[in-house]
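Keep the viewer open as you read.

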Amino acid sequence: MVLADIAQRWARGAAEVMFPPQCHCCRRTGTGISGGLCRLCFQKVPYIDGPLCSVCGRNFVSSQPTTHLCGECLRRPPPYSRASAVTYYEEPVRTLLHRLKYRYDTTAVGPLLKIARSFDISPFESCDIIVPVPLYRHRLQDRGMNQALVLARLLFADTRSRIMPGILVKKQQTPSQTACDAAGRRKNLRGAFALIDRLSIRDKKICLVDDIYTTGTTVAECAQTMMQVNAAEIVVLTFARVRETR
Ligand SMILES: [Zn+2]
Ligand SMILES: [Zn+2]
């Protein structure tokens with residue numbers, strides 16, 4: 001072993017003593033931490049499991065053993081062909097997304113990337129364009145970043161050139177969606193999005209990316225806006241999804 005290697009190893013060892021690796025989720029320090037996530041937190045990641053609706057991706061609470069269409073998609077087919085998510089919106093992902101979204105805490109990015117790396121992105125590789133759900137410009141100024149764009153860059157780390165954040169804009173600020181039911185959410189968002197570049201999406205397969213799928217109203221409104229100008233197909237990928245419990 002040459003002297004330079006010994007010096008490098010010594011420096012690395014000293015750095016680990018002075019700055020031990022920390023889990024950016026539970027803040028524990030020590031061994032077994034990689035990508036900013038400790039083994040315990042990584043084991044808790046609530047990856048999506050089936051059976052699911054083959055269109056909107058909701059989980060079935062009943063013991064129906066196979067993937068099929070849910071009643072809501074049969075009654076009111078959404079303007080996208082499929083919605084998928086990496087995980088359920090539960091711990092530790094809930095905390096990580098919350099920190100990224102409301103505190104622009106960049107230490108959440110490493111763990112989210114590690115979680116995204118365990119997700120099979122191949123079904124989305126046929127998409128021509130990746131569009132993060134936009135924020136209204138004042139909201140963007142307040143937050144300093146669009147979490148949907150950050151997550152699109154994590155999920156499509158190897159094909160970033162297809163991410164086109166400027167194509168779709170949010171024209172108006174809409175009231176908070178958290179207190180509304182599905183009908184109220186749809187009313188709030190009607191006509192809220194607009195396309196800047198209509199030609200570039202014509203006949204294209206588009207992947208819409210957002211942080212959380214709650215009722216699907218936001219992505220449905222974005223998809224509707226794009227289908228009106230003849231996009232070929234819209235698929236949706238969110239980082240997390242609220243789990244159906246009844
Ligand atoms: Zn941890
Ligand atoms: Zn469905």
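## Strand β8 and its partners

Strands β3 and β8 run parallel and are joined by six bridges. One place to look is Thr87, which stands opposite Ala240 in β8. This is a predicted model, and β8 (residues 233-241) is where confidence in the protein chain is highest, at a mean of 98.

Strand β7 (residues 205-213) is also parallel to β8, with eight bridges between them. Ala240 turns up here again: Ile212 stands opposite this β8 residue. Asp210 stands opposite Thr238 in β8. Is β8 mostly covered or uncovered? Mostly covered, with seven of its nine residues buried.

## Strand β7 and the crossover

Let's stay with β7 for a moment. Eight of the nine residues of β7 are buried, so this strand is largely enclosed by the rest of the structure. Besides its pairing with β8, β7 is joined by four bridges to β4, and those two strands run parallel. Within that pairing, Ile130 has Cys207 in β7 as its bridge partner.

How do you get from β7 to β8? Helix α9 (residues 217-227) belongs to the answer: together with β7 and β8 it makes a right-handed β-α-β unit.

## The nonpolar core

Which residues touch the most other members of the largest nonpolar core? They are Ile206, Leu208, Val209 and Val219, in a core of 54 residues.

Val219 is a handy one to select in your viewer. Setting aside residues up to four places away in sequence, Val219 touches Tyr80, Ala83, Val133, Leu208, Asp210, Tyr213 and Val236.

## Helices α5 and α7

Helix α5 (residues 109-117) has Pro111, Leu112 and Ile115 as its buried residues. Seen down the axis of α5, these fall within an arc of 100 degrees, so they line one face of the helix. The cover over the buried residues of α5 includes β2 (37-38), β3 (82-88), α4 (93-103) and α7 (147-155).

Helix α7 has seven of its nine residues buried, so α7 is largely enclosed by the rest of the structure. Those buried residues are Gln147, Ala148, Val150, Leu151, Ala152, Leu154 and Leu155. What do they pack against? Their partners are α4, α5, β4 (129-132), β7 and β8.

## Leu100, a residue in α4

Leu100 sits in helix α4. Why does Leu100 count as buried? Because 24 other C-beta atoms lie within 10 Å, and 20 or more are needed for that label.

Leaving aside neighbours within four places in sequence, Leu100 is in contact with Asp105, Ala108, Val109, Leu112, Gln147 and Val150. In sequence, Leu100 and Val150 are 50 residues apart, and their C-alpha atoms are 9.1 Å apart in space.

## Gly57, a residue in a loop

Gly57 is found in the loop between α2 (39-44) and α3 (71-75). Gly57 is buried too, with 22 other C-beta atoms within 10 Å. Apart from neighbours within four places in sequence, the contacts of Gly57 are Leu52, Ala83, Ser84, Ala85 and Arg241.

For a contrasting pair, take Gly57 and Asp5: they are 52 residues apart in sequence and 51 Å apart in space, C-alpha to C-alpha.

## The chain as a whole

Stepping back, the protein chain has nine helices and eight strands. Its C-alpha atoms fill a box of roughly 65 × 45 × 35 Å, taken along the principal axes. Of the 246 residues, 31% count as buried. Among contacts between residues at least 6 apart in sequence, 70% join residues at least 24 apart.

How confident is the prediction? The protein chain averages a pLDDT of 87, and 91% of the residues score at least 70. Helix α1 (residues 3-18) is where confidence is lowest, at a mean of 66.

Technical notes: Residues are numbered from 1 along each chain as its sequence is written. Chains are lettered from A and ligands numbered from 1 in the order in which they are written. This is a predicted model: local features need pLDDT of at least 70, side-chain atom pairs count only at pLDDT 80 or more; totals for chains, interfaces and linings use all residues. pLDDT is the predictor's confidence in each residue, from 0 to 100. A residue is buried if 20 or more other C-beta atoms lie within 10 Å of its own, exposed if 12 or fewer, and partly exposed in between; C-beta atoms are placed from the backbone. Two residues are in contact if their C-beta atoms, placed from the backbone, lie within 7 Å. The arc is that of the directions from the helix axis to the C-beta atoms. Two strands pair if DSSP finds at least two bridges between them. A crossover is right-handed if, with the strands pointing away from the viewer, the path from the first strand over the helix to the second runs clockwise. A nonpolar core is a set of buried Ala, Val, Leu, Ile, Met, Phe, Trp, Tyr and Cys residues joined through C-beta atoms within 7 Å.
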